[in-house]
Amino acid sequence: MTEFWSVWIIVLTLGTLLICAALIGWDVKQMEEEIANGQRSPDDFYDWGEVTAYDRPIPYGWLYSFYLCVFFALGYFFFYPALGRLPGVLHWTSEGQYAQESTKHQAQYAESLNRYAQMSVPEIALNPEARHIGHQVFLLYCQNCHQAGGLGTLHYPNLTDQDWLWGGSPEKIEETISQGRTGVMPAWGALLGDRGVEEVTEYVVALSGRFPTDPKKVGAGRAKFEEYCSFCHAMNGAGDTMLGVPNLTDDIWLHIDLETIANVSLLETHLKRIISKGLNNLMPAHWEMVDGVKIRLLAGYVYSLSD
Amino acid sequence: MTHTQPLYCDKVVRQFAVMAVVWGLVGMAIGVWLAAELAFPTINIDIPWLSFGRLRPLHTHLVIFAFGGCALFATSYHVAQSTGKVCLANQGLANFTFWGWQIVSILALITLPLGMSSGKEYAEAEWPIDVLTTLVWLAYAVVFFKTLARRETLELYVANWFYGAAILAFLVLHLFNNFAIPISFWPMKSYSFYPGAVDALTEGWYTHSLMGLFLTGGFLGTLYYFLPKGVDRPIYSYRLAQSHFWAMIFLIPWIGPQHLLHSALPDWVQSLGMVFALLLLVPFWGGVLNGFLTLSGSWPEVRKNPALRFMAVGLSFYAFSTLEGPLLAVKTINASSHYTDWTVAHAHAGAMGSFFFLIIGALYTLIPSLFRQEKMYSSRLITVHFWLTLVGIMLHLMSLWSAGIMQSRMWYAMTSEGLLRYTFLDSVHAVQGFYWLGTVGGLMSLLGMCLMAYNVRRTAKPCVRSESPKSSHGTHAVHTKHSTEAHAEAHAGH
Amino acid sequence: MQPTFPKKKIGWLIVSVLSVINIGGLVEITPFAASFLGMTEAQIQGLPADALRIEGRDVYLREGCGTCHTQMIRPFVAETERYGSPSVLGDSAYDHPALFGSKRTGPDLARIGGRYSEYWHQQHLRDPRSVSLGSVMPAYPWLQNTIMDGMQIASKMRAMNTLFSYTCPKCKTYSEKEIQESQGKVRGKTEEDALIAYLYGDVDQPGGLGHRFSQKR
């Protein structure tokens, strides 16, 4: 803020306050004088026909309360930032207050968390208090996607089973939580064409152990799968946890809501859409939102879910 | 108290008074619908123009501008004429203000549910409506101030000061706040001229000055006329009224930042907003004191007259809200209350408890004379309306206060490890019951409003005689209540 | 006995009221706007929203999302733990109007960019209760059915360039190339795509809701 605006604020603020207080005070004093001179009496009465009014003196209690408030205002301006660039005697700032609150919060709770800092993820999974804290972190930052109990839903993995896209070891779980993951599958619709997509779909259905509606396409689908899809999904469709690529030979479908699928042809419709348009899933990185110990505790809790 | 009213140019007053009741009903119905949506989020059955986000601005627009605006027009036009003992300055312009204001309200009714919103709180109506509003408002200012200039009484009665300030303030607020670059006429779309936090501060300035100058100005103007008239007693202290008027005018435009405490705005602005809000307590209470001291000794009449009861309750809520407001402006309290339902409760305690109750009382007092009746069709219905609304608003407020405190407690709660104890969704679940209760309260008030509409309809028998066709030029004789012979003569002449 | 107000001088009342009521704004808004104009590039935090996100933000405005969701994180530990680091002036420099909001019926959204996948936003918008049990948010299924034609986006961007030139000298503006290509980027997409693009933000190049959770780490 420039000096000019600072002075502008100071002058107009103090001026407004003082003029306001003075105007009212002057008015009261003037009336007192007029009553003393006999120019008016406290029982003066005005008449506009439908309404009338006495012109009684302003109650002193009201006036002094106002003065008290003005005094409080001036006091506040003395101690706190309000008048332009003047920082106030206390040099208080909202950033400073937040920094103080943060530091105090860290200090207050660091100890209660640090006792878990040396525990490993499996140790945390076995420790009820530690698990409980991990559960609390889960509720705050994970439940919106992974749902209550980590049971997952469409697009968000079930954390209670043994199927892990990126590996289920304690280190991998902690890494996943901290760094986040992206689940990107390219769109194959343009390259494969409609017929190609159908063929690959039938093969994938067969891979998962279900019966495709048009088994004649499976052979051609397999050829295309081995030519294009095996780079990520592996020749046998088992996937790759280094890249987060799912195993297609199980009957777990992260991106298809199986509850809504009564039959295989509905499954195929969804698969065709996925193969054609691709996928872009995200698990956000949590290293910013949740600091180190809490991530460890969270990982311990998640690890315990699949035990 | 005599009931024979002088003949003023009150056709437009009558029109505005009736439409105030109509818009009050519509605005309140939408409010109840919104409350119900919080309790039952799927009741809009996926219809876009019934969804909460689209209808909330419509509710606030209708209750502040359609209902509040029509009431302001009706009462200010009436008071200017009555205390000036003169007819409205320009009948043609006055008619324009009526029809123009109805068009503004209907346009808002249509466009806001369609999503044509500027996104600025209490100013969501888009730019073409803003232009029409400005034209109507300029006409209003001309009619009102010219009427005051033509008055036969020497002194300008203080209620007119408050009305005048409300009119001038809204003009300034409206023009500055709605300054925008238009994108298209249909759908109506514009972008606010101001960027980010500057826009937020301008909005805060607008909303709080709207409450303090426009609504409270209208409230106090109405209070200073209809209260002493209703109990047939003089105002306690005219000088106090003048003093607190000036104190309010000086201080209110400063309190915008109380909307933005603990935000990204600089500390100095926040301090000013808070301190001036606290300073305003005493000026607001000037009105409270004057009101209660005027009522002093007349409580038996208040008990007997349900319209007076409305006004007395309005004054009581005013006393309360003008304590609550500065309290909420204290930064420490605001840290807990901001963003919760407590703010919503405060808005309703002020806008509905205070303004609405007083205006309804004033309308019940004014409307019979506008239809040349001695009194409203049914006094009992007014009493029922009163109790329904009082119980309804208390239910509503209690629910909102409870929800607000619950939310702030839950948002701040920490576990012993320093983690947040509750998710946001937990706080939503916790207040579900309060949303139900609030809806029930709203329904009661709405029912009361329906009774009022019926009562007004039954009171509105066709006028026995119409006004003088020369009224727009003010050349016909103005009759006072004391001149009964001249009164009869005038009637014979028409 | 008459009170002392100048008798027929209505003009005095008008002039004095008009003068007095403008003092507050002159003291608070004008200096603040002046210092806002002086913001540095570093304070402004990056680029304005791209074409699709502009449309998304306009959907946000149209549906009244700001009546229930705020975009202003206050400097309290309880808030920053939940929502991210406190909001600063630069976060909203490109917003016309501001989207700070005044009520949290739903959570603050200032820093949700990148915190939820696009799928989550889709599910949440089409049926909030499918991912947030007990939510009171209405469903917005009609957004996926409205396909945009992009007829207005170029004029919106030009309007914004005008606004930025007056109100934010250090803000970046849209290049002519971006404006020419804007309709192509928007046409054929649904309003749901636009809104999700806005909510999801762009985590690497903040604009709109794309700010990282913590500015300071």
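**Chain B: overall build and the setting of Gly442(B)**

Chain B of this predicted model has 17 helices and two strands.

Visitor: How does the radius of gyration of chain B compare with what the globule rule gives for 494 residues?
Guide: The globule rule gives 23 Å for 494 residues, and the radius of gyration of chain B is close to that value, so chain B is as compact as a globular protein of that length. Along the principal axes, the C-alpha atoms fill a box of roughly 85 × 50 × 45 Å. The radius of gyration asked for is 23 Å.

Visitor: What percentage of the contacts in chain B with a separation of 6 or more joins residues 24 or more positions apart?
Guide: Of the 494 residues of chain B, 68% count as buried. Among the contacts with a separation of 6 or more, the share that belongs to residues 24 or more positions apart is 83%.

Visitor: Is Gly442(B) buried or exposed?
Guide: Gly442(B) lies in helix H16 of chain B, which covers residues 432-459. Its relative accessible area is 14%, and a residue counts as buried under 20%. Gly442(B) is therefore buried.

Visitor: What distance separates the C-alpha atoms of Gly442(B) and Ser76(B)?
Guide: Gly442(B), a residue of helix H16, stands 366 residues from Ser76(B) along the chain.

Visitor: How far apart are the mean positions of the positive and negative charges of chain B?
Guide: Chain B carries 28 positive and 22 negative charges, and its accessible surface comes to about 15,400 Å², of which 69% belongs to carbon and sulfur atoms.

Conventions:
Residues numbered from 1 in each chain as written. Chains lettered and ligands numbered in written order. Predicted model: local features only at pLDDT ≥ 70, side-chain atom pairs only at ≥ 80, totals over all residues. Heavy atoms only, no water. Helix = DSSP H or I, 4+ residues; strand = E, 2+ residues; numbered from the N terminus. Rg over C-alpha atoms; globule rule 2.2 N^0.38 Å. Buried < 20%, exposed > 50% of the residue type's maximum accessible area, 1.4 Å probe, protein only. Contact = heavy atoms within 4.5 Å. Areas by Shrake-Rupley, 256 points an atom, 1.4 Å probe, with all protein chains shown as cover. Lys, Arg positive; Asp, Glu negative; His and termini not counted. Charge placed at Lys NZ, Arg CZ, Asp CG, Glu CD.
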